[in-house]
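The model comes up first.

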Amino acid sequence: MKVKTVYKCTNCGYKSPKWVGKCPDCGEWNTFEEAEETKSGVKMAKAVSKQPVSRLAEIQTGDDQRLLTGITEFDRVMGGGIVRDSVTIITSPPGGGKSTLSLMAAAALAKQGYKVLYASGEESDSQIKNRADRILKNIEQNIFILADTSMDRVLEAIVEVDPDLIILDSIQTFSLAEFLPSRAGNPTQTMECASALVQIAKNKKRPRAALMIGQMNKSDEIAGLRALEHLVDAVLVLEGEGADELRCLVATKNRFGSTGEMGFFTMTETGLASIDNPSEYFVTKRQKGDLVSGSALTVLKEGSRPVITEIESLVSASFTPYPSRISETMKKDTMNTLISILEQRGNLKLYDKNVVIKTTGGLYLKEQAANLAVLMSIASSVYDRPIPADWAFIADVGLTGELKRVPSMESRVKELDRMGFEKVFVPMGGMRESHLEHIEVVEVRFLSQLMGMLFGKKQI
């Protein structure tokens, strides 16, 4: 066994990795003496544990390696379910719903006969039961609860229960006795607890899936070392504040699926409910014939899913030397570039006008596919001429005023066709041959050409 040097208080027995003058536990001075301690336990088990060497071509994979929860959006973000020997960390702001989503996944798998161990270092077992009574119709017998902050006790419980899914809520609240007096939440404790869980999950003889809930710091990142994200197989971020109805689950890392995949949920009294058609949250519902100026539609790709999005613009006269350019849903430099293109290539003068841009539902515009719709919404606001609600725009716009093709054009147009849209404007040659039932595809080469088609030859 490996021997390490520690300093022990002769008055109360408190141990410290280095000498200190005053004991933090009993408050006595000059009571620390050097002592030797043998290391054992989890870390020694790691040292002697040997995994067999396998041929890559002989390793078996398939759909049976995943656990399907039946929560549509969660399974899709995970890449088709939870991999049996994977470790996933879920994080969100306080009150974002990460514990609720984890408990729902536990209940869904327990209903299929899988055993689940839910270990919580933040809540008591009665608090977890109260949440379960609120969000679950039936509480399955295969869900086991452990309310303890000791990771050593969690490891013992795993042996006792033999679960298929392990949930730790949250990883920053657990500690291993071997690394005391380091407190829970200390980078050493967090990494060692996570490493112990990874070792158990990836045991070839008995693979287990694991979900770790991670606390989020003030910078909206997982609390602790960045190495924690490298250790796990998938990192899921549940976006949305406690008061927001809409929640977005984003995979920022996924070894078994698409990075950037996004799932949409709505928070209800009975937990998180999957949203089958998220576009309805990002487009204003209007009656047929109700037209408003300053609105244009496009299709964004959130992961593998096309989402129809409404972009709104408000253009007003400016009485200051420097007109305002305001947008919380796109980069300011991108916004200024598009306005410059519209002025020069679209012959629309905005040097004395304030421009405000936003999206319905607050969806952030990360893709260039939305650029044409942004320009059309601005032009619609300036001319005060509404664009029909069943028309859409999918294109990037170059500095030359040419419309340019964007990735996944066919799938975006097919989504519009499925939703019953009448017309979509795309770049010249931007669409390959594709079977469409209802929608008319209008190919346009230049921004000025499109401006003439929609708003006439009048210039401002």
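Strands here are DSSP runs (E, at least two residues) and helices are runs of H or I, at least four residues, numbered from the N terminus. I noted that the model is predicted: local features need pLDDT of at least 70, side-chain atom pairs count only at pLDDT 80 or more, and totals for chains, interfaces and linings use all residues. Residues are numbered from 1 along each chain as its sequence is written, and side-chain values use heavy atoms, with hydrogens and water left out.

Next I followed the two strands. Strand 7 (residues 116-120) and strand 8 run parallel, joined by five bridges. Two strands pair if DSSP finds at least two bridges between them.

Then I looked at helix 6 (residues 187-201). I found that helix 6 packs on the sheet and touches strand 6, strand 9 and strand 10. Contact means heavy atoms within 4.5 Å. The direction of helix 6 makes about 160° with that of strand 10. Axes are lines fitted to C-alpha atoms, for helices over the stretch in contact, and angles run from 0 to 180 degrees between N-to-C directions.

Nine strands form an open sheet with mixed pairing, in the order 8-7-9-10-6-11-12-13-14. Strand 8 (143-147) and strand 14 (271-274) stand at the edges with a single partner strand each, so one side of each has no neighbour in the sheet. From one strand to the next, the twist averages 25°.

Last, I checked Leu314, which is found in strand 16 (residues 305-317). Leu314 counts as exposed because its relative accessibility is 54%. Buried means under 20% relative accessible area, exposed over 50%, partly exposed in between (1.4 Å probe, protein chains only).
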